[in-house]
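Thanks for coming. I have one structure to go through this morning, and I will keep it short.

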Amino acid sequence: MVEHDHVEEIAQVLDGQATGRDSYVDASWRRCVEVYGMDPTSRVPAHIVTDSEFRTHREQADWMIGAARSSLQRLFRQVAGQNYVLLLTDAKGVCVDFFGDDRLVDELRGAGLYLGSNWSEDLAGTCGVGACIYTGEPVTVHQDDHFGSAHTGLSCTSAPIYDSLGQLAAVLDISLLRSPSPKSSQNLAMSLVTSAARRVEMANLMAASRREWVLRFSTSPEFLDVDPEAAVSLDGSGRVIGATHAATRMLSRGKGLIGEHIDSLLGLSVDDLPDLMRDRPTEERVVSLSDGGAVFGHAIAPQRPRRAQKDRSTPEKRAVGGVLATLAGSDPTMARLLAQAERLAPTHVPLLICGESGSGKTKLARAIHMASRRRGFVALDCAGAMPEQIEAALSAQPEPGTLLLRGVEDLRPEIVRALPALLDAHAHMRPIATSGHAPGALLSGETLPAALYHRLAGSVLELPPLRERQDLGWLIERLLGRRCGGEMRLTPSARSELMARDWPGNLRELGNVLDVACALAESTVIDLPDLPAAPRPREETLDLEAVLDACNWNMARTARRLGVNRSTILRRIRKEGLQAPQ
Ligand SMILES: Nc1ncnc2c1ncn2[C@@H]1O[C@H](COP(=O)(O)OP(=O)(O)OP(=O)(O)O)[C@@H](O)[C@H]1O
């Protein structure tokens, strides 16, 4: 009889009649009949994936299971003794983690409230997990809200968990085999499960952002430091690189948050973050929202990097903090260089940063600027710049700032002549020059007069090429996470292939290779065939003479084009006995 009423009610919904049920239930019923071709009278049992499918789902959700564990345990303790069962499913609806009463395991397994059950809507019909995946919102699917008669005894309340890039990553579900009749009996379950999902997102964002700034928000000051509502992670320039779902709702104006600059979202810039740290009273840490509202903010500075590999031959260096710390993993050369950069950042010493193309000179210059707490930042590509442009750009910066001169070996002669006077006239701008040439080559060559070299190179920072860095593995993981999203993984063979390459294009090449691999991978796993081929070893492919000709035998340009040092070009010219045309 009850079953007959249920079928009748579904028929009414299909006829467009209102039933008083939640709209997501009506919509799901319609999909079950019209899209998945299901029959409400057939008793379809729970769908359980095979053991090997389960292993795959579990492996892929491993990171989420880890991030969610303590929140699930806490939630399970909160509902202890009330016969609730907790399921964590992946974004496809397969249960990958489970907390329930051991004594009920057989019954729970029979009802599909167990590891390996697949609650996607197209298999299980209207259900909590399926409707949550479909709508992206928390839902309660209570008793005969379920479509299939096999599940109409259950009450399931499910909340989505998003990854820090805004993709649905998992569903947290709290279910009962038997429940009181009114759906409102599950309101408390809804509140518990949405809070737990929010905490999982927060834990996940914090774990992925140890080397970034994190800004957490709360509408009430007393919860700000202990149980905030939302959070974003920011790169050194203040760009959002991760957000919880609540932050996306709170801050975005209809579009996503990722890639947005914090100053366009809030009444503050990245330089203001230290004012929102815990040492200030909570009531003073107010952040204005773009809709005119305000919340309380708690900024957490990037954690210091793990200590560089113990190298007894080099003295232990002080750990670097802040944005500079985000540039390297455990590489002794980088650790020394970043410690130097950190000490030089607040001074007015002009800096020259040398390194191969793509080795991160510009990135380092920006990080030094950030660490210097200067405000204005003027960046010029020396190859194209004219003196009037430099003058205009500098004049637009009244506050102390940084003048970045990129590719200083390409300065036009008229700028070489004009630059000293420009630097004198704008002494509040600290010059940082970058060059693809080694310092010795810059000084001894025809490129820069010695006086200008010394004017620009108060201190020289030489970035190692990627093939000489010991933190390649760390960089791969970091760039993968940042460019391709937290869920992408490399197979061991793809990883060892990347570790074996010599990266003539340095970090730029690594970033591009990972972008391509992420685009080509058919799942969240990047395998060997997804990697673009490495350029063939330079020794084999280099038609040096042709490139020299194309660059009018300009060594600097040739070296840049080939991504090698000028000294490498000179050595190869001698070795191959090449001669410039007369
Ligand atoms: N430490 C780093 N971590 C992550 N990405 C980095 C790092 N350093 C550089 N990159 C990335 O590598 C690319 C090249 O960096 P950058 O422009 O700073 O190199 P460059 O040495 O100035 O290159 P060029 O001399 O060719 O202008 C950029 O996309 C940058 O974001």
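Predicted model: local features only at pLDDT ≥ 70, side-chain atom pairs only at ≥ 80, totals over all residues.

Phi of Q143 is near 45°, a positive value, and the residue is not a glycine. For background, most residues other than glycine have a negative phi.

The second residue on my list is N506. Phi of N506 is also positive, near 55°, again in a residue other than glycine. N506 is found in a helix, α19. Is N506 buried or exposed? N506 counts as buried, because 22 C-beta neighbours lie inside 10 Å.

Helix α19 brings us to the ligand. Which residues come nearest to the ligand? There are 16 residues around the ligand, and the nearest are S357, G360, K361, T362 and L507. Two elements give two or more residues to this shell: α12, which covers 361-372, and α19, which covers 506-520.

Next, the domains. The shell takes at least three residues from domain 3, residues 345-464, and at least three from domain 4, residues 467-530.

Last, the make-up of the shell. By class, nine residues around the ligand are polar, four are charged and three are nonpolar.

That is what I have. I will take questions now.

Terms used. Residues numbered from 1 in each chain as written. Near = placed C-beta within 6 Å. Helix = DSSP H or I, 4+ residues; strand = E, 2+ residues; numbered from the N terminus. Nonpolar A, V, L, I, M, F, W, Y, C, P; charged D, E, K, R; others polar. Domains from an automatic or database assignment. Buried ≥ 20, exposed ≤ 12 C-beta atoms within 10 Å, placed from the backbone.
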